[in-house]
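The tour goes from one selection to the next and says what is found at each stop.

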Amino acid sequence: MPMTRLLPPPAPGADAALPAATPSAQTLTLLAQRRSTTARLMTGPGPDAQQRDALLRLAARTPDHGKLFPWRFITFEGEARARFGDILEARLRDLEPEAPPERFELERNRFTRAPLVIAVISDVTENHKIPEWEQILSAGAVCQTLLVAASAMGFAAQWLTEWYAYDRIARAALGLASGERVAGFIYIGTAAENPAERPRKPPRVSAWGG
Ligand SMILES: Cc1cc2nc3c(=O)[nH]c(=O)nc-3n(C[C@H](O)[C@H](O)[C@H](O)COP(=O)(O)O)c2cc1C
């Protein structure tokens, strides 16, 4: 269990005056040290219902140009995770009937790797004055906010797409409309093993104008 069970403050009311940005050493530390934990190394517990709802509320505060809210969420918890795994296993049987038994087991257990999986679905309004690119970027930012918020609650998280984000049958099982796309499956749980830092390149920066 994360050592302290932290919840964010309630959502500010409409038009509420908000405090100016305040320095936060904890936030800076989180941003400097946050790493994904591979879903394979996740265990329970995951967020409880209150924490899950808080994560979704925080993620939905992501900037979006035009207030289109161009994303939605699908949550997978409890037994629903195994049911979705059964669909993935059946799909593999159609696509690769000769695959080795461990592949079928992997598909069956995909979503039970973590106690909570949140699918972030990009839902673009086409032919709108807000470019589709900007709407898609907003869905990506939602995924990153979920990673950061989960981390701030003391949970491990990973942003995955894997093959089933792009598969026709898996998309149908998710109930995606034709214009909708999976921005990410955010796996959230507790790290069985803490991750080590990974290689990172320094940011590529150029100062315009020399
Ligand atoms: C859109 C997106 C999709 C990703 N899909 C996968 C994936 O399918 N499989 C995988 O191993 N990593 C995937 N990753 C990478 C991991 O989420 C993660 O970024 C990486 O393991 C290290 O990230 P960290 O810097 O947060 O530790 C994806 C990342 C993004 C942004």
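**Stop 1: a loop residue**

Select Lys67, which sits in the loop between H2 and E2. Helices (H or I, at least four residues) and strands (E, at least two) are DSSP runs, numbered from the N terminus. Residues are numbered from 1 along each chain as its sequence is written. The model is predicted: local features need pLDDT of at least 70, side-chain atom pairs count only at pLDDT 80 or more, and totals for chains, interfaces and linings use all residues.

Is Lys67 buried or exposed? A residue is buried if 20 or more other C-beta atoms lie within 10 Å of its own, exposed if 12 or fewer, and partly exposed in between, with C-beta atoms placed from the backbone. Lys67 has 8 other C-beta atoms within 10 Å, so Lys67 is exposed.

**Stop 2: the whole chain**

Zoom out to the protein chain, which has six helices and five strands. Along the sequence their pattern is α-β-α-β-α-α-β-α-β-α-β. The C-alpha trace spans about 60 × 45 × 45 Å along its principal axes. Of the 210 residues in the chain, 26% are buried.

**Stop 3: helix H2**

Select H2 (49-59). Its buried residues are Gln51, Arg52, Ala54, Leu55 and Ala59. They cover an arc of only 160 degrees around the axis, which puts them on the same side of H2. The arc is that of the directions from the helix axis to the C-beta atoms. Turn to the other side of H2, where Ala49 and Gln50 are exposed. The buried residues of H2 pack against E2, E3 and H5; a contact here means that two C-beta atoms, placed from the backbone, lie within 7 Å.

**Stop 4: helix H3**

Next, select residues 79-95, the 17 residues of H3. At 1.5 Å a residue they should span 24 Å, and the end C-alpha atoms are 25 Å apart, which agrees. The expected span is 1.5 Å times one less than the number of residues.

Which residues of H3 are buried? They are Phe84, Gly85 and Leu88. These cover an arc of only 105 degrees around the axis, which puts them on the same side of H3. An α-helix has 3.6 residues a turn, so residues three or four places apart point the same way. On the other side of H3, Glu79, Arg83 and Asp94 are exposed. The cover over the buried residues of H3 includes strand E2 (71-77), helix H4 (101-108) and helix H6 (168-174).

**Stop 5: the core**

Select Val117, Val120, Leu146 and Ile186, the residues with the most contacts inside the largest nonpolar core, which has 36 residues. A nonpolar core is a set of buried Ala, Val, Leu, Ile, Met, Phe, Trp, Tyr and Cys residues joined through C-beta atoms within 7 Å. H5 gives the most to this core, with seven residues. Leaving aside residues up to four places away in sequence, Leu146 touches Leu55, Ala59, Ile118, Ala157 and Ile186.

**Stop 6: around the ligand**

Finally, select the residues around the ligand: Arg35, Ser36, Gln158, Trp159, Leu160, Thr161, Glu162, Gly184 and Arg198.

Methods: Near = placed C-beta within 6 Å.
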